[in-house]
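Biologist: I am new to this structure and would welcome a guided reading of it. May we proceed by question and answer?

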Amino acid sequence: MPRSRPKRILVRVLWSLAAVIMLLVVGVVIWSQVGVMGAEPDPLAQAEKNPTLTVEQAPEGIVLSPADGESTVGLVFVPGAKVQPEGYISTLQGLAAEDGITVVITRPWLNLAFFDPRGLDAFTSAAPGVSTWIVGGHSLGGVRACRLAPDADALALFASYCANDLSDSGMPVLSLSGSKDGLSTPQKIADARDLLPEAAEIIEIDGASHASFGAYGPQAGDGIPSISDDDMRAQITEAVGALAAALG
């Protein structure tokens, strides 16, 4: 017996919806792989030659650790959207080499943190000897870090802000931003301040742009930095190191 007209219409509608969804999925996958900002070769090579730093490619991500192997505090760092994780090795190397912090730079699914549903323990397993964990991230990675924050001991934002309310969490929070940031602008950082605990430490780095928080080259829509890479790295190392020291 032939199908009724309403059933034929329903089948066509369902197939059309499936086709649209498939096209959207394929489109997002293609978009996520186009225009990925890679690490600048020279800063990366210099960091990898740092004798006080160990760089390891692990299943959990890129692990930076002090060459002497001693570390009790770790940082799970989530990269910004469509930024190669290696683009942060140079900027974050001082945390391991100078502050003794183990850093796990994650590899977000499709290069976009909001597509990555993994919990914090999927990354802390890279350093089972570390007992205290800070979670942090750059730009969109920081937004994802805010979601993971309840499972961590502290939160560190790098040119980023939260979309969820942590104001009553009581957890230690460090927010680093740049005065020349054209993407996570000073105004955007200020507008989201009420989502952080009252005691959160807010530091605006003079002369820093959005891309100053990594070593992956200039970024469309960003401001022009007036701070050197060495000075930027030193200020990040000092601020996050102080947070780690306060955690004991």
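Biologist: Which residue in S4 does Leu-64 stand opposite?

Modeller: Please note that this is a predicted model. Strand S2 (residues 61–66) pairs with strand S4 (residues 101–105) in the antiparallel sense, over three bridges. Within S4, the residue opposite Leu-64 is Val-103.

Biologist: In what order do the eight strands form the open sheet?

Modeller: The pairing in this sheet is mixed. Its edge strands, each of which pairs on one side only, are S1 and S8. Neighbouring strands are turned by 20° against each other on average, direction ignored. The order is S1-S2-S4-S3-S5-S6-S7-S8.

Biologist: At about what angle to S2 does H3 run?

Modeller: Helix H3 lies across S1, S2, strand S3 (73–78), S4 and strand S6 (154–158). Helix H5 (residues 140–148) also packs on the sheet, touching S3, strand S5 (132–138) and S6; the direction of H5 makes about 145° with that of S5. For H3 and S2, the angle is about 40°.

Biologist: Why are the buried residues of H2 on the same side of the helix?

Modeller: In helix H2 (residues 41–48), the buried residues are Pro-43, Leu-44 and Ala-47. They lie on the same side of H2 because the arc they cover around the axis is only 100°. On the other side of H2, Pro-41, Asp-42 and Gln-46 are exposed. The buried residues of H2 pack against strand S1 (53–58) and helix H3 (89–97), and the arc that places them together is 100°.

Biologist: Is His-210 buried or exposed?

Modeller: His-210 is found in the loop between strand S8 (201–205) and helix H7 (229–246). Leaving aside neighbours within four places in sequence, His-210 is in contact with several residues, including His-138, Asp-181, Tyr-216 and Asp-222. Its relative accessible area is 1%, and the cut-off for a buried residue is under 20%. His-210 is therefore buried.

Biologist: How far does the backbone nitrogen of Gly-207 lie from a polar atom of the side chain of Ser-179?

Modeller: Ser-179 is found in the loop between strand S7 (173–178) and helix H6 (186–191), and is partly exposed, with a relative accessible area of 23%. Not counting residues up to four places away in sequence, Ser-179 touches Gly-207 and others, among them Pro-186 and Glu-204. The C-alpha atoms of Ser-179 and Glu-204, 25 residues apart along the chain, are separated by 6.2 Å. From the backbone nitrogen of Gly-207 to the polar side-chain atom of Ser-179, the distance is 2.7 Å.

How values were computed: Residues numbered from 1 in each chain as written. Predicted model: local features only at pLDDT ≥ 70, side-chain atom pairs only at ≥ 80, totals over all residues. Heavy atoms only, no water. Buried < 20%, exposed > 50% of the residue type's maximum accessible area, 1.4 Å probe, protein only. Helix = DSSP H or I, 4+ residues; strand = E, 2+ residues; numbered from the N terminus. Arc of directions from axis to C-beta. Contact = heavy atoms within 4.5 Å. Polar contact = N/O pair within 3.5 Å; in protein donor to acceptor, adjacent residues only side chain to side chain. Pairing = 2+ DSSP bridges. Axes fitted to C-alpha atoms, helices over the stretch in contact; angles between N-to-C directions.
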